[in-house]
Amino acid sequence: MTIRIVLADDQAMIRAGLRMVVESEPGMEIVGEAADGAEAVALASRVRPDIVLMDISMPRMDGLAAARRVLDGPHPPKVIMLTTFDTDENLYAALRAGTSGFLLKVSPPEQLVEAIRVVAGGDGLLDPAVTTRVIASFAGRHEPVRPPQLAELTPRELEVLRMLARGLTNAEIAKELFVGEATVKTHVARVLMKLNLRDRAQAVVFAYESGVVTPGSALG
């Protein structure tokens, strides 16, 4: 299946570069471009892409605000945030907004392509070492709040959630649990459904903020 992508960046040259990289890959298609956050929200609603590549800093409406609007809609796309600044504050804000990942604009083309495939496939996190470190750092500043829906998870699903918080892929979880990847996919899907989460990135945020894991305990 073709991955349908919207580009949202206020710099035309950046959009042109992204388009060139993406359209050189089989199975990927640019279905629209936006020059600001408000335009990105309207475009995503109209063309229903699979993924939005969203600049974090844009006029009229910044990328974080636009991402929240896009993700609040029915059947939302996945959102990958793009930025020139690798700051923990930006990454944590993006993940809490419900985005699936965070990528520097200076990243090599192959990393962008891999990020799109990872997010489209729902099988991992973008740079799990960075993701888990940042979430642990910020979530650890507040007392965890244990939501009632945690009680709906089986012991095995809770174990899978802890492994997601370590940034493990389905293949790595399967290896640790001595089960097949198909079984892991089922467990992950049930965890996300029961906790009303969009994807693995949100699951990591949830795991730390609810106290399922604590800073330092899920790394490594």
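In this predicted model, 19 residues of domain 1 are in contact with 15 residues of domain 2; contact means heavy atoms within 4.5 Å. The domain assignment places domain 1 at 3-137 and domain 2 at 144-210, with bounds from an automatic or database assignment. Their centres, taken over C-alpha atoms, are 23 Å apart.

Residues are numbered from 1 along each chain as its sequence is written. Local features need pLDDT of at least 70 and side-chain atom pairs count only at pLDDT 80 or more, while totals for chains, interfaces and linings use all residues; side-chain values use heavy atoms, without hydrogens and water.

The largest nonpolar core has 59 residues. Such a core is a set of buried Ala, Val, Leu, Ile, Met, Phe, Trp, Tyr and Cys residues joined through side-chain atoms within 4.5 Å; buried means under 20% relative accessible area (1.4 Å probe, protein chains only). Met54, Val79, Met81, Leu161 and Tyr208 have the most contacts inside this core. Helix H10 (residues 200-209) gives the largest share, 7 residues; helices are DSSP runs (H or I, at least four residues), numbered from the N terminus. Domain 1 and domain 2 both contribute, so the core lies between them. Met81 touches Met54, Ile56, Leu64 and Phe102, among others, not counting residues up to four places away in sequence.

Next, a helix pair. H7 (residues 155-165) and H9 (residues 181-195) pack at about 95°, with axes 9 Å apart. Axes are lines fitted to C-alpha atoms over the stretch in contact, and angles run from 0 to 180 degrees between N-to-C directions. H7 and H9 are therefore roughly perpendicular (65 to 115 degrees).

Terms used. Helices (H or I, at least four residues) and strands (E, at least two) are DSSP runs, numbered from the N terminus. Angles under 35 degrees count as roughly parallel, over 145 as roughly antiparallel, 65 to 115 as roughly perpendicular and the rest as oblique. Buried means under 20% relative accessible area, exposed over 50%, partly exposed in between (1.4 Å probe, protein chains only).
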